[in-house]
Amino acid sequence: MKQIIWAVCVLLGFSTVQGQYYLRGEVRDDRGQWLQGVKIQLKSRGSFPYYSGSTGTFGISTSSINDSIRLSLAGYETIHMAIDTRKFLSITMKMLPATANLYSRKPVSITTNLKGNRGNFFSILGESYSNLVENGFIAAAQYPETGFSLNINKASYSNIRRFLNHEMTVPIDAVRIEEMLNYFDLSKIQGTKKDSGYFSFRSQLSTCPWEEQNQLLFLNITAPKLVLDSIPSSNLVFLIDISGSMDKPNRLPLLQSAFGLLTDNLREKDTITIVTYGGGVGVALAPTGGAHKKRIREAIDSLVASGDTPGEGAIRIAYELAKKSFIKNGNNRVILATDGDFNIGQTSELELEAMISGYRQSGIYLTCLGVGMGNYKDSKLEGLAKKGNGNFAYIDNLQEAQKVLVKEFTQTLYSVANNAFIKVSFQPNSISEYRLIGFDNKSYSTNDSTGELEGGEIGSGHSLMAIFEIVPASDKLNEKKWIANASLQCRIPGKDSILQQSFPIIGQAERIEAIDSTYRFAASVAMFGSILKHSRFTRNHSPEDVWSLARTAADPQDPQQAEFLSLVEKAIRIYHPGKERKNKKLGD
């Protein structure tokens, strides 16, 4: 037996003397949560690193009674301390101020000092969606200032399309109206943009199609567009779920086709790494230059789905590899592609979001691509994208992959603004009440009254549309007057300073039939989302009303807008089966 023990010790690289003592301990953060992946080094063992496990615990063989230990983890203060290796260590690592701020669960829209109610995560057919609290009307005299996060997330629309194409009703919390608006290119508006700096801005005031006493205020914000040839080198880590749940045509095979399309856009100066997880975590492709497209495609095509889903551990490894290939002043990004069904390691929304927040200060962005149905975890991927300073899309077919990763390549993968949000200050003498449409908060964040917003990432050239439903202070806003002021704040990648821009909002209400068709189309998208959510604000309206409005605005030459009309028609059949539609089809 002694000979066996000696042989094992030799194989492990230390003698029987080194194994005389066994240091054990645990690591938590200053909130009392276990910390996994903490790098641990003992002076007696040189530079060789050890890491804490999934429950924050560790065990290290050593030959010394008295030693010194060093613990380090991104986003936390490094610890150096003398130890007695015979004693169990219970260590607390303190968050750096920036990390502590990121771990707070801030809302995506907020009205100062206004509080809401709590709720739970919503699940249907094995899928999970975060419970959302719809924004209600706010008295401008009491709460004149409101704000919301800017981002390019578009997952909700393609996910809604998936339900309707399968002749299914849409889960209420799967509907995020701001993501439905984000899905479309709403920059083709007639008239003059207000270019007062980095972002350009337009506004429009019209009548409201679902409440004749109210009006709609449209805010259209457009980010600067980068030219692909002038964009710095990219360091991309494809993090691909190849677990058993991905073994279906609309999952791993779809992702393989999607990443193949992305590969076609790579430049020689770009670097690609492929990490996979399924039954374990592996590196399918070491860092490889974009010129070696054949090698990259072969690695992608060789993937086979099997095993469990250690997503949490895979994310950590992907970030570490991204750090090793980090390009200063470049585009460093992890692209996570999965159905979100993590079942090994930290698996809850709260745990995963807390973990990803620690990497946000690294300068590495996160893009989440969701796929699949039946066990799709929308709530996890949406939370990861927001906490990871990134964006989120749902890919339900190859055409969507083409849109996200080819047509909108720079918008999806190249950020022009971080931690971006906008605040709007209304003039109570013009506006009696207002309601932000979409940008609904998760239930757990509505009690946050700190006035701090969860800023988002804006991609190259993205045009964002936000809509307020307002109650005028007088019967009509029939003359041009200053009704509000918008203030945008963000950080520019590669710069330490904060960018701020202000836009005065001058309003004069027009009939919605007379405004630019792009605004009218946006109103129909918002109305559709509201009806799918069973909102109390559109309870007297139906998908037929959406179709009547959208058909006057949709551009039949725009594939996405034409498809929207067909989805509304499907919703009419699903939600009102057997009911004869009075409207004629587009073109009849």
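The legends below describe close-up views of a predicted model.

Local features need pLDDT of at least 70 and side-chain atom pairs count only at pLDDT 80 or more, while totals for chains, interfaces and linings use all residues. Residues are numbered from 1 along each chain as its sequence is written, and side-chain values use heavy atoms, with hydrogens and water left out.

**View 1. Asparagine 135 in its loop.** Asparagine 135 sits in the loop between strand 11 (132–133) and strand 12 (138–139). Helices (H or I, at least four residues) and strands (E, at least two) are DSSP runs, numbered from the N terminus. Asparagine 135 counts as buried because its relative accessibility is 15%. Buried means under 20% relative accessible area, exposed over 50%, partly exposed in between (1.4 Å probe, protein chains only). A polar atom of the asparagine 135 side chain lies 3.4 Å from the backbone oxygen of leucine 436.

**View 2. Strand 28 and its partners.** Strand 28 (residues 481–491) pairs with strand 23 (residues 415–426) in the antiparallel sense over 7 bridges. Two strands pair if DSSP finds at least two bridges between them. Phenylalanine 421 stands opposite glutamine 489 in strand 28. Strand 28 also pairs with strand 29 (residues 498–507), in the antiparallel sense over 10 bridges. Here asparagine 485 stands opposite proline 504 in strand 29. The hairpin of strand 28 and strand 29 has 6 residues between the strands, and in it glycine 494 takes a positive phi near 85 degrees.

View 3. Helix 14 (residues 559–575) has 17 residues, which should span 24 Å at 1.5 Å a residue; its end C-alpha atoms are 24 Å apart, which agrees. The expected span is 1.5 Å times one less than the number of residues. Aspartate 558 caps the N-terminal end of helix 14, with a side-chain oxygen 2.9 Å from the backbone nitrogen of glutamine 560. Buried residues of helix 14 include Phe564, Leu565, Val568 and Ile572. The buried residues of helix 14 pack against helix 3 (155–165), helix 10 (398–407), helix 12 (517–532) and helix 13 (543–550). Contact means heavy atoms within 4.5 Å.

**View 4. Helix 5 across helix 10.** The axes of helix 5 (residues 252–264) and helix 10 come within 9 Å and cross at roughly 35 degrees. Axes are lines fitted to C-alpha atoms, for helices over the stretch in contact, and angles run from 0 to 180 degrees between N-to-C directions. Leu254, Ser257, Ala258, Leu261 and Leu262 in helix 5 meet Leu398, Ala401, Gln402, Leu405 and Val406 in helix 10.

View 5. Strand 20 (residues 331–338) and strand 21 (residues 365–370) pair in the parallel sense over 6 bridges. Valine 334 has leucine 366 in strand 21 as its bridge partner.

Notes
Polar contact = N/O pair within 3.5 Å; in protein donor to acceptor, adjacent residues only side chain to side chain.
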